[in-house]
Amino acid sequence: VAIISKVICENTIYYSKSEELYFAGLLHDLGSYVIKQYFKNDYVIINNLVKADKQKRLLLAEKKVLGVTHQEIGTFYAKKIGLPKSIINVIRHHHYVDSSMEDKYQISIVMIANNLAKGMKIGSTDNFYIELIPNWVWRYLQIDQTKYYEIVATIQDRFEVATAFTK
C-alpha cells in the first residue's frame, strides 16, 4: 500500500506529498499488525468471521471479537509514539474517508491504494474485500478513468521492477 499510495500521490495535484503518503500507506494498518502479533487467536477468529460474512465486514468482526477495530488500536499506538496528525488520521479513517474532516486527500489516497493492492493481489492481507470508493473521492483527487489506468500501469511497472530482484 505504501508504494501504491506514493504512485497515486505522484499522479495528483498533491504530488509534493508523495513521501508522506508512502509513510501513511506503510502504517495505515498498524492496528492490524498489533492484532496479528499480540492477539493471534482473536486474529484467526476475526478472519473466520470475515470469510463467513457475505459483506466481508472486517471492522464489525473486529469490534465483535475485541471490542475495538484495528483502526482504533492503530490510532492509539500512533498517538502514543507521536506520529504526525495526518498519519494518525489516515490510520483512523482509511476505511471510511467520509468520517474525517481533516487530511481527506491523504486518507482518500491510502483508501484507494489499499483497495488497489487488494484488487491487484499486491502485498499480504487476509482480507481481499474491495470497498466502494465514493465518487466524490475520485473527483476530489482529480482522477478520471484515463488517469486511473495510467496509475495502474505505473503500479504494475514499479512492482515488476521490485519483484525482479526477488526472482
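Contact here means heavy atoms within 4.5 Å. The structure is a predicted model.

View 1. Asn 89 is part of helix α7. Its relative accessibility is 11%, so Asn 89 counts as buried, the cut-off being under 20%. Apart from residues up to four places away in sequence, Asn 89 touches Glu 102, Asp 103 and Ile 107.

**View 2. Val 7 in helix α1.** Helix α1 holds Val 7. With a relative accessible area of 0%, Val 7 is buried. When neighbours within four places in sequence are set aside, the residues in contact with Val 7 are Ile 151, Thr 154, Ile 155 and Arg 158. Ile 45 gives a sense of distance: 38 residues separate Val 7 from Ile 45 in sequence, and their C-alpha atoms are 34 Å apart in space.

**View 3. The buried residues of helix α2.** Helix α2 covers residues 18-27, and its buried residues are Ser 18, Leu 21, Ala 24, Gly 25 and Leu 27. An α-helix has 3.6 residues a turn, so residues three or four places apart point the same way. The helices against which the buried residues of α2 pack are α1 (2-10), α3 (30-38), α7 (85-93) and α8.

**View 4. The crossing of helices α5 and α6.** The axes of α5 and α6 (residues 70-80) cross at roughly 75° and come within 9 Å. Because of this angle, α5 is roughly perpendicular to α6, a term that applies from 65 to 115 degrees. On the α5 side, the contact is made by Leu 58, Leu 59, Glu 62, Lys 63 and Leu 66. On the α6 side, His 70, Gln 71, Glu 72 and Ile 73 take part. By class, the residues of this contact are four nonpolar, two polar and three charged.

**View 5. The second largest pocket.** The space in the second largest pocket is about 270 Å³. Its lining is made up of 14 residues, and the closest to the pocket centre are Lys 56, Arg 57, Tyr 96, Tyr 129 and Glu 131. Helices α5 (58-66) and α8 (104-119) each supply at least two residues of the lining. The most comes from α5, which gives three residues. Seven residues of the lining are nonpolar, three are polar and four are charged.

Notes:
Residues numbered from 1 in each chain as written. Predicted model: local features only at pLDDT ≥ 70, side-chain atom pairs only at ≥ 80, totals over all residues. Heavy atoms only, no water. 1 Å grid on protein atoms, 1.4 Å probe; cavity = no way out; pocket = protein on both sides within 12 Å on 5 of 7 lines; lining within 4 Å. Points joined across faces, edges and corners; volume = space filled by probe spheres on them. Helix = DSSP H or I, 4+ residues; strand = E, 2+ residues; numbered from the N terminus. Nonpolar A, V, L, I, M, F, W, Y, C, P; charged D, E, K, R; others polar. Buried < 20%, exposed > 50% of the residue type's maximum accessible area, 1.4 Å probe, protein only. Axes fitted to C-alpha atoms, helices over the stretch in contact; angles between N-to-C directions. Parallel < 35°, antiparallel > 145°, perpendicular 65-115°, else oblique.
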